[in-house]
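Welcome, and please take a moment with the model below.

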Amino acid sequence: MEPRSEGSESRRPSGSLNHSVERGYIAAMTASHAAAIGPCIAVFDLDGTLTWGDTLLPFLSGYALRHSRLKTLWRLPLAIAGYLGSRDRGLLKSRAIRAVMGGDRRSTIEAWTEAFVGGLKRRRVFRPAALAAVAAHRAAGDHLVLLSASPDLYVPGIGRLLGFERSLCTEVEWRHDASEEDRLDGALRTPNRRDEEKSRCLAWLRTQYPKLPVVAYGNSRSDIPHLREADRAVLVNGNAMARRAATAAGIPVAEWR
């Protein structure tokens, strides 16, 4: 089921712990600490929060290498030029996906997704401290939700790999034809799940888990809107601008290695 909620009232981080104690709780996340706050919805961003960096570019470049599609990469500068003109990150994402794999069969793309996701732990893409935080929430019996602006071409696979209960991410269009296999269109089927769109996803999650508090983790300035609406939140691995925004919003910061 897809989140379709249109906004929610702002929810400031709350709870009995003050910020200094809460910061320590998150920085040293263990199963016992996680259990102390009771059952919750633990919402994790993906790129830069759970991982050391971006996942979309490695996904696309790996596909291009596997399928000898390097000649299609000349389209990427055009996509980037279009983004520089509009600042529409969703448009950039769609153009990049179409440039590398647009029109390809679902089975071909799914085979690469399986290989890509299967190799992530081997390549040490995930931050050990982030995996420890996920494990702590799981041990406490919390509901794990992966919330990412990256596409559903591979985010749900990462969610399954890490044991998440739900994955909410940017969804892309496929071309359906009764006479042959689906082929990737690459247009966005949902809004780019970034900035305020993550807040709408958070509002939808509250309808799925009534009365449960939300604990949210993000790494960028664009995550601040939904972090502000969580009951507890922390900005991890943020740059200087993101840290300043988090501090102004009263959100603790931490470094996960």
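## The largest pocket

How do the residues of the lining of the largest pocket divide into nonpolar, polar and charged? Nine are nonpolar, six are polar and eight are charged (Ala, Val, Leu, Ile, Met, Phe, Trp, Tyr, Cys and Pro count as nonpolar, Asp, Glu, Lys and Arg as charged, and the others, Gly among them, as polar). Before going further, note that this is a predicted model, in which local features need pLDDT of at least 70 and side-chain atom pairs count only at pLDDT 80 or more, while totals for chains, interfaces and linings use all residues. Residues are numbered from 1 along each chain as its sequence is written, and side-chain values use heavy atoms, with hydrogens and water left out.

This pocket has a volume of about 650 Å³, and of its 23 lining residues, D47, D54, L56, R89 and K93 lie nearest the centre. Two or more lining residues come from each of α3 (56–66), α4 (75–86), α5 (89–101) and β2 (143–151). A pocket here is an open set of points on a 1 Å grid over the protein atoms alone, where a 1.4 Å probe fits, with protein on both sides within 12 Å along at least five of seven lines; lining residues have an atom within 4 Å of a point. Points are joined across faces, edges and corners, and the volume is the space filled by probe spheres set on them. Helices (H or I, at least four residues) and strands (E, at least two) are DSSP runs, numbered from the N terminus.

## The second pocket

The second largest pocket has a volume of about 170 Å³. Its lining includes R106, E110, D152, W174 and R189, with α6 (106–118) and β4 (172–177) each giving two or more residues. By type, this lining divides into four nonpolar, two polar and six charged residues.

## The sheet

The chain has 11 helices and eight strands. Six strands make an open sheet, ordered β3-β2-β1-β6-β7-β8, with parallel pairing (two strands pair if DSSP finds at least two bridges between them). β3 (166–170) and β8 (253–254) stand at the edges with a single partner strand each, so one side of each is left without a neighbour in the sheet.

Let's follow β2 across its two partners. Four bridges join β1 (residues 41–44) to β2; I41 stands opposite H143, and F44 has L146 as its bridge partner. Four bridges also join β2 to β3, where P151 stands opposite T170. Eight of the nine residues of β2 are buried, so this strand is largely enclosed by the rest of the structure (buried means under 20% relative accessible area, with a 1.4 Å probe and protein chains only).

Buried residues make up 50% of the 257 in the chain. The largest nonpolar core has 42 residues, and those with the most contacts inside it are F44, L50, M101, L153, Y154 and I158; α3 gives the most to this core, with five residues. Such a core is a set of buried Ala, Val, Leu, Ile, Met, Phe, Trp, Tyr and Cys residues joined through side-chain atoms within 4.5 Å.

Not counting residues up to four places away in sequence, I158 touches L46, V117, L120, F126 and L146 (contact means heavy atoms within 4.5 Å).
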